[in-house]
Amino acid sequence: KENNNLFGMKEARVRLNLAKGTQHGHAYYDNWEESVMDYALWYSTYGYKCKTEKQLFKLLDKQYAEASHYVEALKRIINKENLKIKFKK
């Protein structure tokens, strides 16, 4: 909350980003909307290459998340909240 960082993003050093700097080891933003847009920039830089859900989870596990078992936790939330059904194309 303090950093307005919904995704726990680190401040990017290479790609275009909207972070104002680093605070407490993570990027900080003026508002939460900027953190959403920054995640979209991350995705457009790295995630767009993923053609399947499996590929995206592999990328998240390898490059995005520091927490162990992040992907497993994300899958549990997706299933628990029926997000695939709610956001079906």
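Helices (H or I, at least four residues) and strands (E, at least two) are DSSP runs, numbered from the N terminus. The model described here is predicted, so local features need pLDDT of at least 70 and side-chain atom pairs count only at pLDDT 80 or more, while totals for chains, interfaces and linings use all residues. Residues are numbered from 1 along each chain as its sequence is written, and side-chain values use heavy atoms, with hydrogens and water left out.

Buried means under 20% relative accessible area, exposed over 50%, and partly exposed in between (1.4 Å probe, protein chains only).

| Residue | Relative accessible area | Class |
|---|---|---|
| N3 | 8% | buried |
| F7 | 34% | partly exposed |

Contact means heavy atoms within 4.5 Å. Leaving aside residues up to four places away in sequence, N3 touches Q23, H24, H26, A27, Y28 and Y29. With the same exclusion, Y64 touches F7, M9, Y39, W42, L59 and Y70.

A nonpolar core is a set of buried Ala, Val, Leu, Ile, Met, Phe, Trp, Tyr and Cys residues joined through side-chain atoms within 4.5 Å. The largest one has 13 residues, of which M9, Y29, W42, F57, L60 and Y64 touch the most other members. At least two residues of this core come from each of helix 2 (53-64) and helix 3 (70-80). Helix 2 gives the largest share, four residues. In soluble globular proteins, nonpolar side chains tend to be buried together.
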